[in-house]
Amino acid sequence: MDNAEFHEWLERLNDDELSAAEREQLMSAIGSEQQKQEAFLNHYMLAAALEEQLAIDAERSPLNSRLRNWKPILPWGIAAALALFILLSQFMPDTPDSSNEKTSFLALLVNEAGAQFSDENAPDDIRFQKGNYKLKAGTIHLRFTNGADVVMKAPTAFEINDGFHMRLHHGRIWAMAPPSAQGFTVATPGVDYEDLGTEFAISVDRHTGASKLHVIDGQVDARHPDSKDLISSVTGGQSLRFANGKPEQTDTPDLKSYSTPGDIGFLRWQQNRAAFGKDDPDLIGYYPFTKSNSLLNEAANAITGNGEIHGARWVSGRWPGKQALLFDRDTDFVELDIPGKYEELSLATWVKLDRFDHSHNSIFNSNGWDAGDVHWTIHRNRSMQIGFSGAKISSSSQSLKTIPTNQWIHIASTLSLSSGKSCVYLNGELAGARQIERRSAMIRPGSGRIGNWLEGDRIDQAPMRALRGKMDELAIWKRALTEVEIKELVEAGKPSALWSIESK
Amino acid sequence: MAAHQRRLYAFIYSLVQDRHAADDVLQEVSAVLWRRFDEFEEGTNFSAWAYKVARLQVLSWRRKQAKLAIPIEGDELSILMDTAAVMAERQDERLAALEHCLSELTPKQIDLLRRRYHFGFSANEIAEQGNRSRRAIYKSLGKVNAILMSCISSKMEDPNYG
């Protein structure tokens, strides 16, 4: 038994997962070897040190240190694999030999909604290699290996030449190039647009080949395709039209006709919405927040009621066309009934929080605090907890302390009597877990308020729990979701492929 | 955590092999130390007295268990406790070394340690959270433990360290 195996066995021993024979074998190893005996004791002393050190780390830089390790604009899910591909691509020669031709690529599909390519040249799954492509339907978000993001919607015909050059035959693209992609060039009939670290939109007319450039931020140089002579430098806020071999002054084009990364996010959300949790009998409440006099539950197996809106106003949500409810006064809330008794419960929501005015800020709080009542709150110190009355919850593990403000985030919480755990998640990442000590109690949320708390006849030190911010989607399950499931929710509902967490 | 408390906790943990039990026993030991402080003779070794109390509490805890992870008794247990006391005295050094050694791990390994040792999940739960097999979790835990162990002991043996 080598060292790693020895510790592996001790880890299994701790979960009570060693067979009698294995236990016997471990015992005799510990009993006969001085060295193993010390390694055994050391295992637990290391565990004690780990507990202490990890608690200090969590306190010192709650979540932040891990967030810093994230690639800021890489999405999860499919794109977790992409991160690896992108990494690999950097080590690949410019002219790959035939053996790795299949895995080489110049751009990756990082997001799409309803995308269809013409058959003669479709991407290899999510990988785009040199060649011509025709987008027949839908919207796509491409990321070039140099980091440039290009979003386009059908109908568009384009060609990828290499990691820094593409040609737009016709259609509309929106592009954002980070410093690493400076020099990224979009060729069009008669003119090349060379990016100098910027955000811009280009369209090419299908019939005339005339192109229009609008620079949103930064600078783009228009150059002659052969001589590379500078035709014009266009800076933020300016537009250029190029037709019949000549540049012309032009008005700002209608930027709404271009697709942005956020548009794909919204399209995808709209596509997913109808099917959300359709085959999941445990989904008891699904509130997509569509403008109405009340907050409508669209779950196929709805148990929770429609929400009664008091004070909260309809405003725009994750995307311009999506509605959200704004809670910004002490009298704003949505009354919601979650009838029934549960062994497990999960709640997940998208919110954009403005600030924390009170010591407790309610996401959802059952009225009062009677047996089984559920309180999901964010503390002023930006930590998040969920608990229910009757569960003696140990606070030995503190939840993270930085729920960020002023950006859309996904928060979720789970309660499970069978596993004895209460967990909270931020953007699909486990952010805190606490032990439920008394498992005989039941979870009975009953009537409660989103974004507020009705104290009832209770005297509480934190009676004011009005939320300050927006909410634009909420779902409730009668089981504890796994972290993988929660990650999928985040992936499906994230505002765009560029969305990331900017933690302060 | 006060240094002597940290050492006692390490000592107790290594002998009861359960985090919650170790918390309980340490609390018991602290209460006894406090209650019987007048029995402590000034000028004698406080730490030796504290270990004596801790040994008795550990024995009393072990007697109450229906099943013990390591069911040894008598002289064997007594020798194990002697070794544990010597090793626990170096818990501060172990913690300091650990802080350095953690920086040698990958973010993935740190994440695994957080789940196991900070949040207290079973391998089963961690496996579900990450869509991995339980076997793979145990393997990774064994490996990370071995890496840390060898890193810590090399730092603790280095006379120039600390």
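## A buried cysteine in chain A

A:C423 has 5% relative accessibility, so A:C423 counts as buried. Buried means under 20% relative accessible area, exposed over 50%, and partly exposed in between (1.4 Å probe, protein chains only).

This is a predicted model: local features need pLDDT of at least 70, side-chain atom pairs count only at pLDDT 80 or more, and totals for chains, interfaces and linings use all residues. Residues are numbered from 1 along each chain as its sequence is written, chains are lettered from A and ligands numbered from 1 in the order in which they are written, and side-chain values use heavy atoms, leaving out hydrogens and water.

## The disulfide of chain B

A search of the whole structure finds one disulfide over all chains (a pair of cysteine sulfur atoms within 2.5 Å). B:C101 and B:C151 form a disulfide, S to S 2.0 Å. B:C101 lies in helix 5 (residues 91-102) of chain B and B:C151 in helix 8 (residues 134-157) of chain B, so the pair ties together parts that are 50 residues apart in sequence. Helices (H or I, at least four residues) and strands (E, at least two) are DSSP runs, numbered from the N terminus.

Both B:C101 and B:C151 are buried. The torsion about their S-S bond is about -85°, so the disulfide is left-handed.

## Backbone features of chain A

Most residues other than glycine have a negative phi, and most peptide bonds are trans. A:D16, not a glycine, has a positive phi near 60°. A:D16 lies in the loop between helix 1 (3-14) and helix 2 (20-32) of chain A. At 48% relative accessibility, A:D16 counts as partly exposed.

A cis peptide bond joins A:A154 and A:P155, with omega about 0°. A:P155 lies in strand 4 (residues 149-162) of chain A.
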